[in-house]
Amino acid sequence: MNQDLWDRCIARLEADLPEKEISTWIRPLRVVMSEDQMTLLAPNRIVMDRVKSDFLGRIQRTMSSLAAYDVVVNIAVGGVNNAEPVRNASTGGGNAAAVDDSMPYGRGKLDPRYTLSSFIEGKSNSQARAAGLQVASAPGGIYNPLLIYGESGLGKTHLMHGIGNAILADKANARIVYVGAEQWFNQMVSAIRYGRQVEFKNFYRTVDALLIDDIHFLAGKEHSQEEFFHTFNALIDGRKQIVLTCDRYPRELDALDDRLKSRFTWGLSVPIEPPEFETRIAILLAKADVLGVRLPEDVAVLVAQRIRSNVRELEGALHRLNASARLTGAPITTEFARVTLKDMLASYDRAVTLENIKRTVAAYYNIRLTDLNSVRRTRTLARPRQVAMALSKELTRHSYPEIGSAFGKDHTTVLHAVRKIAELCQEDDRLKEDYENLLRQLTN
């Protein structure tokens, strides 16, 4: 192959593509040719990524047509004598180009399994999912940045991937970059080490949407925060979407720059809470369908009753049931689940006891442990006592009479407390917050 073949390829492309795209993305390319391969050399990673996503397939087809045999097309960053292949970019066979791992920009990939439609919605996450739908339909709009916060294993990453996948479904050529904060930090360090700061900045400041997981990782890293501060500003100014996840509300991160704390709350910050009982059942059944596992509803109820902390542990229980059923050939029943998950369920039972609940509630409301068993009915004691009883019913397998005995009351008092707290959680946001805080303390 020779330069003339490439010139003819450009001429063929000019018939199909606007002149602006030819001059911006195609003409800056230089070529290195061998017998049946061609390497396109882009001046920077921005040009390389755009050519790779939008034009590489067309170039390969055109070159193969002109040469009358299959031509393998690779793309790299660099000049003719110092090509820096990033990965094999060919759309056909051939040998992979050498991979330079010193600067793997945007190496994180969106997982197509994680979509907004496959995200199981419940009271604990409905606000976050609604925000995700809004961002996906109007990226760069009023919810920018979108920050999703909550403890590990509750679905933050699923939502983030779902948003990215939804944006791509609407605009196939959108440049969506998903990356973990630790990975972003490592890339920045490599950029400094190899003198590629400009390339690093250009890459991240020209995307259409930047999705960064676990942004709390940057806390305490001053130089990284400074760099991200400027990247953040550039994207917001360009009306490009930013989605972040964090393990807590950003203002609670002591080692995070105040400027970032402020900017992270410019758009919308939404929490994800541990899923409630009904949502846990729905999650188990939905994930069983995806895996092709026949999971009876009574088994899902059993697992959801006992495993309450997060979605990841529910998935772990489901995978263990599936693996054991495949190995033994036995159907998944409630008895099979009790035996298979015996150790896992026992650990939860040991972690949440009536005495543990009473001690935790007493400490939370700053009252004495004995006050929970007293006959006094002042509101400052009666409400914590009802909360403790409701938590005891939700988190343990004890009956109403057994719980009543632990509090020096009869079973009707416990029944009333459970119903009263459920009612108040719908009406009183402060009590609901207290109850959810105690749930988290007792199940994590």
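Disulfides first: the structure holds 0 of them, a disulfide being a pair of cysteine sulfur atoms within 2.5 Å. As a reminder, a disulfide is a covalent bond between the sulfur atoms of two cysteines. Cys9 is buried, at a relative accessible area of 0%, and Cys246 is buried too, at 0%. Buried here is under 20% relative accessible area, exposed is over 50%, and partly exposed lies in between, with a 1.4 Å probe and protein chains only.

Before I go on, this is a predicted model, so local features need pLDDT of at least 70, side-chain atom pairs count only at pLDDT 80 or more, and totals for chains, interfaces and linings use all residues. Residues are numbered from 1 along each chain as its sequence is written, and side-chain values use heavy atoms, without hydrogens and water.

Now the whole chain. The protein has 20 helices and 9 strands, taken as DSSP runs: H or I of at least four residues for helices, E of at least two for strands, numbered from the N terminus. Of its 444 residues, 48% count as buried.

What box do the C-alpha atoms fill? Along the principal axes, roughly 95 × 55 × 35 Å.

Last, contacts, meaning heavy atoms within 4.5 Å. Among those between residues at least 6 apart in sequence, 69% join residues at least 24 apart.
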